[in-house]
Amino acid sequence: MLSILTQNKDIVYYKPNIQKFYVLEKDRDKKIAYEVRASIDNNDCLLGTYSDKERARSVMLELIRENYVTNAKVLCMPGD
């Protein structure tokens, strides 16, 4: 991946140093939202917000496939 534009469109990373991608579950206005986030250069960045958990996971997996060439499994923590 050559660049990332964060959700707030303030920061653009060119050839980012990504440590990890993850999905964070948040309670917003009594509705659950799923945030796709990344640790880039030791900064936590919001990449997108989704109402559907599976959609957030698929976006995260797509980002992982674009950034890492690996045959390793990607594990997700089970929901409650």
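Is Asp41 buried, exposed or partly exposed? Asp41 is partly exposed, because its relative accessible area is 37%. Here buried means under 20% relative accessible area, exposed means over 50%, and partly exposed lies in between (1.4 Å probe, protein chains only).

## About the model

This is a predicted model, in which local features need pLDDT of at least 70, side-chain atom pairs count only at pLDDT 80 or more, and totals for chains, interfaces and linings use all residues. Residues are numbered from 1 along each chain as its sequence is written, and side-chain values use heavy atoms, with hydrogens and water left out.

Helices (H or I, at least four residues) and strands (E, at least two) are DSSP runs, numbered from the N terminus.

Asp41 lies in the loop between E4 and E5. Its phi is near 50 degrees, a positive value in a residue other than glycine. Most residues other than glycine have a negative phi.

Asp29 also has a positive phi, of about 50 degrees, although it is not a glycine. Asp29 is found in the loop between E3 and E4. Asp29 counts as exposed because its relative accessibility is 76%.

## The E3–E4 hairpin

E3 and E4 form a hairpin with two residues between them. The two strands run antiparallel and are joined by 10 bridges. Strands pair if DSSP finds at least two bridges between them. Take Lys20: its bridge partner in E4 is Ser39.

Lys20 has another contact. Its charged end sits over the ring of Tyr22, 5.1 Å from the ring centre. For this, NZ of Lys or CZ of Arg must be within 6 Å of the ring centre and within 35 degrees of the ring normal.

Ile18 belongs to strand E3. Ile18 counts as buried because its relative accessibility is 12%. Ile18 and Asn42 are 24 residues apart in sequence, and their C-alpha atoms are 8.3 Å apart in space.

## The nonpolar core

The largest nonpolar core has 13 residues. Such a core is a set of buried Ala, Val, Leu, Ile, Met, Phe, Trp, Tyr and Cys residues joined through side-chain atoms within 4.5 Å. Phe21, Val36, Ala38, Ile40, Leu47, Met60 and Leu63 touch the most other members.

Which elements give two or more residues to this core? They are strand E3 (18–28), strand E4 (31–40), strand E5 (43–50) and helix H1 (53–67). H1 gives the most, with five residues. In soluble globular proteins, nonpolar side chains tend to be buried together.

## A salt-bridge network

How many salt bridges does the structure hold? There are four. A salt bridge is a side-chain nitrogen of Lys or Arg within 4 Å of a carboxyl oxygen of Asp or Glu. Arg28, Glu35, Arg37 and Asp44 are linked in a network of these bridges.

Arg28 bridges to Glu35, with the closest N and O atoms 2.1 Å apart. Glu35 also meets Arg37, at 2.6 Å from N to O. Arg37 in turn meets Asp44, at 2.8 Å from N to O.

Arg28 counts as partly exposed because its relative accessibility is 37%. Glu35 is buried, with a relative accessible area of 2%. Arg37 is buried at 13%. Asp44 counts as partly exposed, at 42%.
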